[in-house]
Amino acid sequence: MKSIYDMFRHQAGQVADLDQAFKNLGMDFPVGMRKKYFKLKDGSEREITHSMVIVREDSEIDLGEASEIYGLVSYPLSFAFIKPMLKDNNIELMGGHVTGNGERAYIALKSPDDTIVLSDDPTDKVENYFLLRSSHDGTGSIEARIFPYRALNGTAFVPSENAAISFRHSRKVDDRLAQAEHTVSSIRNEWLQFSEDAKMMSSIEMPADKLEKYFLTVIGTKTPDSPRAKNILEELIETYNNGVGAKLGSTKGTIFGALQAVNEWVDFKRTVRKSKFYDEISARVETLVSGSGARQKAKAYAVALGLMQKMKGF
């Protein structure tokens, strides 16, 4: 099974032509707005005035609703603010994904200057990846969220359930520059906090008598009474002991290792509910980036952080 970033279309490294990059990522399709109507009792139709239908014009597929007042925003315009980030802040565009028929789009970015190595093994590292999310609705917002990536086992951390920042779409150049600066600053601040947390969690032993309780708290039960809860607990313990990189200094017997076990289980073993609106990859992207999978990993991070602070006497 592919990791979250391997499910994205790749556009690695420095980008000379951002428009071509959006084309490579399948984000350059045209969108338009169509009027909506509802049927009256006499069989006639009346226009709905407060919203319109977003239509993907190359396939005539509807992508949801938007306000006529604020209109539409194409993905190339929505994400245009990343251009100064790529040029002036040494940020790399790594890939992107469009879910379903184009209802939402994600951009994966990387700050190559921000990497932490957590043990003597040079592969035991975490890199500062972050994601941007947008839709076509002009009333909506762009969200930026830190998703540190551990390439060793293909897992992404979710330090917080909330986005690092969010802001409204804008066509103004000055606004885009401010958005770029604010995004880079906010992401790097969160990265510094994550780095500190990860280093400390990897240095603190996970007490054997607390491991099972930690996993049960994360999956939302006090005791593994049901067959499903029992199976999940067994899978988590097995991943903790024998998962990819489980024997490294940062993970073997540590709080960080327990957190990594949850990340690996969610990213690769947790069942993703199928949807009639999304293909399998889009369904996985949605749940791991902003759905129940992301929330479960954020909970695992918060519980591990609380346990660490308690053991350190904070």
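Buried means under 20% relative accessible area, exposed means over 50%, and partly exposed lies in between, with a 1.4 Å probe and protein chains only. Keep those cut-offs at hand for each stop.

This is a predicted model, in which local features need pLDDT of at least 70, side-chain atom pairs count only at pLDDT 80 or more, and totals for chains, interfaces and linings use all residues. Residues are numbered from 1 along each chain as its sequence is written, and side-chain values use heavy atoms, with hydrogens and water left out.

**Stop 1**

Select D58. Its relative accessibility is 45%, so D58 counts as partly exposed. The term requires a side-chain nitrogen of Lys or Arg within 4 Å of a carboxyl oxygen of Asp or Glu. R56 itself is buried, at a relative accessible area of 18%.

Keep R56 selected and show F29. R56 lies over the face of F29, 3.7 Å from the ring centre. A charge sits over a ring if NZ of Lys or CZ of Arg is within 6 Å of the ring centre and within 35 degrees of the ring normal.

**Stop 2**

Move to E60. It is in the loop between strand 3 (45-56) and strand 4. Strands here are DSSP runs (E, at least two residues) and helices are DSSP runs (H or I, at least four), numbered from the N terminus. Check the backbone: phi of E60 is near 60°, a positive value in a residue other than glycine. E60 counts as exposed, because its relative accessibility is 51%.

**Stop 3**

Side chains of opposite charge can pair when their charged atoms come close.

Select E65 and K36. Their closest N and O atoms are 2.6 Å apart, in a salt bridge. The pair links distant parts of the chain: E65 is in strand 4 (residues 61-66), K36 is in strand 2 (residues 31-39), and they are 29 residues apart. K36 is buried, with a relative accessible area of 14%.

Next, select R150 and D124. Their side chains meet in a salt bridge of 2.9 Å, N to O. This pair also links distant parts of the chain, 26 residues apart: R150 is in strand 9 (residues 149-150), and D124 is in the loop between strand 6 (104-117) and strand 7 (125-135). Are R150 and D124 buried or exposed? Both are buried.

**Stop 1**

T251 is in the loop between helix 6 and helix 7 (255-268). T251 is buried, at 3% relative accessible area.

**Stop 2: aromatic rings**

Show Phe, Tyr and Trp. Rings (for Trp, the six-membered one) pair if their centres lie within 6.5 Å; planes under 30 degrees apart count as stacked, over 60 as edge-to-face and the rest as tilted. The count comes to 10 aromatic pairs. Zoom in on Y75 and F79: their ring centres are 6.3 Å apart and their planes are at 25°, so the pair is stacked. Y75 is buried, with a relative accessible area of 0%. F79 is buried too, at 0% relative accessibility.

Then select F157, W191, F194, F256 and Y301. They form one aromatic cluster.

**Stop 3: helices 5 and 6**

Select residues 208-219 (helix 5) and 227-242 (helix 6). The two helices pack at an angle of about 125°, with their axes 10 Å apart. Axes are lines fitted to C-alpha atoms, for helices over the stretch in contact, and angles run from 0 to 180 degrees between N-to-C directions. Helix 5 is therefore oblique to helix 6; angles under 35 degrees count as roughly parallel, over 145 as roughly antiparallel, 65 to 115 as roughly perpendicular and the rest as oblique.

**Last stop: K269**

Select K269, in the loop between helix 7 and helix 8 (280-289). K269 is partly exposed, at 40% relative accessible area.
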